[in-house]
Amino acid sequence: MNSILNTFSPLSKDLYNEYRGQVMIEALATQKVLVIGAGGLGCEILKTLALSGIKEIHVIDLDTIDLTNLNRQFLFRMKDVGKYKAEVAAEFIMKRIPTCKVIPYTKKIQEFPISFYSEFPVIIAGLDNVEARRWINRVVIQMVQRDENDKVIDDTRHYLIDGGTEGLNGQARVISPFETACYECTLSQLPKQLQYQMCTIASTPRLPEHCIAYAYEVLWSKEQPNVKLDKDNFDHMNWIYQKALERSKQFNIEGVTYKLTLGVVKNIIPAVASTNALIASICTVECFKILTGNGSQLNNYIQWYGQNHQTGVGINVIQQERLEECTECSIQTLEILVKRTDKISVLLTQLPPDIELCSKGQTLITNNIRRKQGFDHILEKTFQELIDEQLIDVQTALKAFDKNKTINVRINYE
Amino acid sequence: MSSNDKYDRQVRIWGPHGQTKLQNARVLLLGCDPVGVETLKNLVLPGIGYVVIVDSKVVTESDIENNFFIPHDTIGQSRAKVVLEYLLEMNQDVKGEWHQVENFDVKEQHYDLIIANEQRFSETKFNLIELQTYGLVGRMRLYSPKCHIIETKPMNQKYDLRIFNPFQELKEYFDSIEFEGDVDYLSHIPYIVILYKALQKYHKEKGKYPSTFSEKHKDFKQVILSLCEGLEYQYTGNFYEAIDNIDQAFNSENWKNSLESIEIEQDVNEDQYFVLISALRQFVQIHGAPPLGKAFPDMKCFTQTYVHLKNTLYGTKVEKDFQAFQALCQNKVDDETIRLFIENIQDLKSITYRTIQQELQQPNEVEDYDNDCYIWYILLRSVNEFYNTNNRWPTQEKGDTQQLQEIVDKQCRLVNVDSIPETHVIEICRYEGAKLHMIASVLGGMASQEAVKLITNQFVPINNTLIYNGLKSEASIFEF
Ligand SMILES: [Zn+2]
């Protein structure tokens, strides 16, 4: 380990060669990394971080362990089924590698304040859904602050590393806000989810999947109007399976099985230890390189196709383009002139409607009805008061978010 | 809980028969350095049958720093014993044994796979994965004495729909369909019928069938569109489905490759795959086309039409071809394998691997490379030669870099490369043979994918080397 923290490297960043040696070794030991998700990718990331010189890892996951996790989520055993993933994983890592501290959280990522996330220079996400990815992407963008020349202040740039797998294929990316494309920039490139047309399902079914979709999307609500479908309940899934089977016989369609029923209804994505290991570890290598300056950064997206008919494996490294009209990371700057004695409510008339105005990651003004009341008292304060309370930094632009974009709000004082 | 199978998520990738192969497999791990252990971890989890671990050393401090399956309180114990114990602790379905020996004789034994972990292994009787990590760089080398894959599982499945030259019953059906009727009828004509009719129309107008790319995708497309002229757009889904599947109108001749890649061998009887290939040869001679596979895609049409096409027309032909093909196999192959073979006839693949000895003596030259991986390959060969001479790895000391540079020059001449940037030579000297867990973990993930391919005989394994460059997060495949 020490050889890549000590020796001169002509192929690494200046940061590395400047601080290599004892300084670097000690610095690495004080860095904290946040891992979101303690599932297939998360378990691997935790293990590899712990064996790469990271001494403190925080991990968030509100899921509990399911039997079908055990073929790849190697920190869990049969006896752990039903327990919180984050807690079991943290305990396992600390027992095996006592020099590493792992702090688990079993809450939704949306329940943590921005100040929580700002403690981590790197956030690694092993998530399984688009919404959570978009949310954490927004967080790393919101954390960025700019100096008087509108340049990003280095310390406020937090990296997001994101991985995902499907069967033998997977991908990983490094998001450096305002430098690389962000998650939102590339959202339109997501593969469309397979959906069956309702008219096919209802009147001309041909595949076993069509029969299952009919039982699931039409029959359940019709015949069990008062029961909420629980996809993890065997009786519920078996009901759908039996109904689908009945329908398939009626139409002479073969191939409805219980396993296929689960696959269709739960939209099960095949998963295996090997793919998780390689994608998670690529993410961890990127994290290590960010923290130590070793090598150069993945710029910024790698695709791995373990299922490749021609060459066995297909590997592409792609530099994703930033989207000019990205709703998260395209920047517009608004200059506003005020007096220090003005109440900040004067901004209400000068900003577009439906915005959320933030300073240092703290909300000042919001139009969100649900949250609005909590912030009304701030509207009564003057700019000077907020500066005194250190809620506003005179040097730094405020940030306004609306549904479509981020706006830098530069306040000039008379 | 809705599923009681802990292997559910992976059986969806390689099927129950793939899982059975995995559960019956014996794997030998030579050496307990992290990269091979990580590979084996990803095989123990999905339920590999039996593992044999061989290593002569005892646990030291450095093992604890880079190996997850060597805990801190095992110093002084046999590495093989510790690694086996902590790997098997993960999955009770897996059994195994360990040996603390220097040289392990594999001659009289059978292994489905041998993992040569940070060491060379040149026995050519078994499937082999050789692994090396060096600082931020990794190398994986595959070898298989015989690699014929039936279930190659391409991402986009090809179908054999016989639109271009339909068998008798299918032709009669195609000809019986008229393009006249109400919207409901027209919008439910299956796309295979549309493609057939468009081919006939094209031929009638131009006196030939479309053959170039532009003829197929421009002129022929226009003919398809002419068939739905006057139909409102919302009713033309099936016609656009036909356009999306234009390539299906022309017979795939991929199966011919598999005939060419296999020479007629004298020991045909010894191997099921040769029996199948020779049966295919005979079948094509008799019938003019390969046996029809079962795979049939979804297409917009009435349920009755679909069931009739799939089960009656195609289904009957599939069964007839199967019987005829089965007779040609002379009871040397089981029915299930025959069916698999016929289903995959368009995508069969055979790989002949160069042996490791051949590569060591003379690697293949690479002409185009678009990243640093080839450079790292030459450098890995060079540091390995340095080690063989000095019994230690090179450092950034002047004497070492000079000696290494001479070896690098020699290795470059061997593969006709002018020179290697000095920066890369200095970079590799800084690693001093470091085996980093994170690089081992990346390569172990990649290697276990290939291991599963070799063991289950599904998917296409690499031929034959993968270089991973962690400095830049890039990887490339070479045939050396
Ligand atoms: Zn963006």
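This is a predicted model: local features need pLDDT of at least 70, side-chain atom pairs count only at pLDDT 80 or more; totals for chains, interfaces and linings use all residues.
Reader: What should I know about the numbering and the model first?
Author: Residues are numbered from 1 along each chain as its sequence is written, and chains are lettered from A and ligands numbered from 1 in the order in which they are written.

Reader: How many helices and strands are in chain A?
Author: Chain A has 16 helices and 13 strands. Here helices (H or I, at least four residues) and strands (E, at least two) are DSSP runs, numbered from the N terminus.

Reader: And in chain B?
Author: Chain B has 18 helices and 10 strands.

Reader: What are the spans of the two chains?
Author: The C-alpha trace of chain A spans about 80 × 60 × 40 Å along its principal axes. For chain B the figures are about 85 × 50 × 50 Å.

Reader: What share of each chain is buried?
Author: In chain A, 55% of the 414 residues count as buried. In chain B, 58% of the 480 residues do. Buried means under 20% relative accessible area, exposed over 50%, and partly exposed in between (1.4 Å probe, protein chains only).

Reader: Is A:C326 buried or exposed?
Author: A:C326 is buried, at a relative accessible area of 1%. A:C329 is buried too, also with 1%.

Reader: Switching to chain B. At what angle do helix 5 and helix 7 of chain B pack?
Author: Helix 5 (residues 168–176) and helix 7 (residues 191–206) of chain B pack at about 85°, with axes 10 Å apart. So helix 5 of chain B is roughly perpendicular to helix 7 of chain B. Axes are lines fitted to C-alpha atoms, for helices over the stretch in contact, and angles run from 0 to 180 degrees between N-to-C directions. Angles under 35 degrees count as roughly parallel, over 145 as roughly antiparallel, 65 to 115 as roughly perpendicular and the rest as oblique.

Reader: Which residues make the contact?
Author: Helix 5 of chain B brings B:K171, B:Y173, B:F174 and B:D175, and helix 7 of chain B brings B:I192, B:V193, B:Y196 and B:K197. Contact means heavy atoms within 4.5 Å. The residues of this contact divide into five nonpolar, no polar and three charged. Ala, Val, Leu, Ile, Met, Phe, Trp, Tyr, Cys and Pro count as nonpolar, Asp, Glu, Lys and Arg as charged, and the others, Gly among them, as polar.

Reader: How many residues of helix 4 of chain B are buried?
Author: Eight of the 10 residues in helix 4 (residues 79–88) of chain B are buried. Among them are B:R79, B:V82 and B:L87.

Reader: What do those buried residues pack against?
Author: From chain A, they pack against helix 5 (85–96). From chain B, their partners are helix 2 (34–44), strand 2 (50–54), helix 3 (61–66) and strand 3 (95–99).

Reader: Where does A:T275 lie, and what does A:T275 touch?
Author: A:T275 lies in helix 12 (residues 273–292) of chain A. A:T275 is buried, at 0% relative accessibility. Not counting residues up to four places away in sequence, A:T275 touches A:T165, A:G167, A:L168, A:N169, A:G170 and B:Q449.

Reader: Which peptide bond is cis in chain A?
Author: One is the bond from A:N299 to A:N300, with omega near -15°. A:N300 sits in the loop between helix 12 and strand 7 (301–308) of chain A. In chain B, the bond from B:N463 to B:N464 is cis, with omega near -5°.

Reader: Last one. What is phi of B:Q330?
Author: Phi of B:Q330 is near 50°, a positive value in a residue other than glycine. B:Q330 is exposed, with a relative accessible area of 52%.

Technical notes. Side-chain values use heavy atoms; hydrogens and water are left out.
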